[in-house]
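This report goes through the side-chain contacts, strand pairing and surface of one model. The sequence and structure come first, and the text follows them.

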Amino acid sequence: DFLNPPNPLFPDARQKGALGAIASYYPTDASKIQIFGADRQDPYEHYEGFSRPIAGAAAERHTTKLSTQILYAIQRAEQRSSHLPVNYCGASLKFDAVAGFALDTLYTYDGKDAPSAEGLQFAFGADYSFLKGDLYVLGQYFYNGDGQLDGNEDISDLYGNDYWKDVPTEERVPSEGFSDFYRKHYLYFLAVYRFNDYTRLNTSLLAAAEDLSFVPAAEIEHEPFQGMCVSMELRVPLDPQRFGGSQRGELGADHAGYRAS
């Protein structure tokens, strides 16, 4: 995801492609080593043609109860004037202990300042199936050390932050909504109920724990025949302002750019 981050409000939306290549080697049936490279554009300097290529290596190992992955990547500096590359170190651990558990973490270091928690991102979650597999539930906590807003700051404080000083006002919140996480603590819940082999109901909730904004979603999917799936989804961004309060939330309608979809 750090190569091509999804939009938090539309995680399933089709993303712009990235020109890249991966070479994989399998030492055993349950292990893999990869080297990769990609060409990424800085979102705020794309009009200048500022390219930020990235290259790295990854390895993974799987057993019946445990899966581990590690990753390292290096990317061209964020600005033309800087000679300090950005370093990424990542690890993933997945294991079964009655329920399924997963821990994913990524540390980003640009070499400008001393290493700190601001470069850390990690997610920890658990999933389980009920009713002979017909009901699947998942819960996850996400920590975003790079979040620009502290818990006591309103979303309006974002635009007075140095982070935005070189970004034109009209580009701060694009028409299709924001595409980054600006706070530090998030919760995610998912439930999938399978009525039969062809019809299922998906419900989810993404919440910003610090400003009490959240996005519930519900989707019904039906497969009328093999190779075709029809779906209908409702997604609504909500925050305290929507319920009569004064605080606008990061996941609320004003910041997201729409009231419902």
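The count of salt bridges comes to six, where a salt bridge is a side-chain nitrogen of Lys or Arg within 4 Å of a carboxyl oxygen of Asp or Glu. The model is predicted, so local features need pLDDT of at least 70 and side-chain atom pairs count only at pLDDT 80 or more, while totals for chains, interfaces and linings use all residues. Residues are numbered from 1 along each chain as its sequence is written, and side-chain values use heavy atoms, with hydrogens and water left out.

**Salt bridges**

Side chains of opposite charge can pair when their charged atoms come close.

| Pair | N to O distance |
|---|---|
| Lys 32 and Glu 60 | 4.0 Å |
| Asp 211 and Arg 183 | 2.8 Å |
| Arg 200 and Glu 221 | 2.7 Å |

In the salt bridge between Lys 32 and Glu 60, Lys 32 belongs to strand β2 (residues 31–41) and Glu 60 to strand β3 (residues 51–62), so parts 28 residues apart in sequence are tied together. Helices (H or I, at least four residues) and strands (E, at least two) are DSSP runs, numbered from the N terminus. Lys 32 is buried at 18% relative accessibility, and Glu 60 is buried at 17%. Buried means under 20% relative accessible area, exposed over 50%, and partly exposed in between, with a 1.4 Å probe and protein chains only.

The salt bridge of Asp 211 with Arg 183 has an N to O distance of 2.8 Å. Asp 211 sits in the loop between β10 (199–208) and β11 (213–225), and Arg 183 in the loop between α1 (169–172) and β9 (185–194), so this pair also links parts 28 residues apart in sequence. Both Asp 211 and Arg 183 are buried.

Arg 200 and Glu 221 form a salt bridge at 2.7 Å, N to O. Arg 200 is in strand β10 and Glu 221 in strand β11, so the pair ties together parts 21 residues apart in sequence. Arg 200 is partly exposed, with 27% relative accessibility, whereas Glu 221 is buried at 15%.

**Strand pairing around β11**

Two strands pair if DSSP finds at least two bridges between them. β10 and β11 run antiparallel and are joined by ten bridges. Leu 206 has Val 215 in β11 as its bridge partner. The two strands, β10 and β11, form a hairpin with four residues between them. Leu 212 is exposed, with a relative accessible area of 60%.

β11 is also joined to strand β12 (residues 228–235), by seven bridges, and these strands run antiparallel. Ala 217 stands opposite Arg 235 in β12. Two residues lie between β11 and β12 in their hairpin, and Gly 227 in the turn has a positive phi of about 95°.

Lys 132 is another residue other than glycine with a positive phi, near 60°. Lys 132 is placed in the loop between β7 and β8 and is exposed at 86% relative accessibility. Leu 131 is found in the loop between β7 (120–130) and β8 (135–144), and Leu 131 is exposed with a relative accessible area of 55%.

Leu 131 is one of the residues of a nonpolar surface patch of about 890 Å², which is made by Val 98, Tyr 128, Phe 130, Leu 131, Tyr 193, Phe 195, Leu 201, Ile 220 and Met 232. Patches are made of residues with over 30% relative accessible area and no salt bridge; like charges are joined within 9 Å and nonpolar side chains (Val, Leu, Ile, Met, Phe, Trp, Tyr) within 5 Å. Accessible areas come from the Shrake-Rupley method with a 1.4 Å probe, and for residues only the protein chains shown count as cover.

**Aromatic pairs**

The count of aromatic pairs comes to nine. The rings of Tyr 193 and Phe 195 have centres 4.9 Å apart and planes at 85°, so this pair is edge-to-face. Rings of Phe, Tyr and Trp (its six-membered ring) pair if their centres lie within 6.5 Å; planes under 30 degrees apart count as stacked, over 60 as edge-to-face and the rest as tilted. Tyr 193 is partly exposed at 31%, and Phe 195 is partly exposed at 48%. Phe 95, Phe 101 and Phe 124 form one aromatic cluster.
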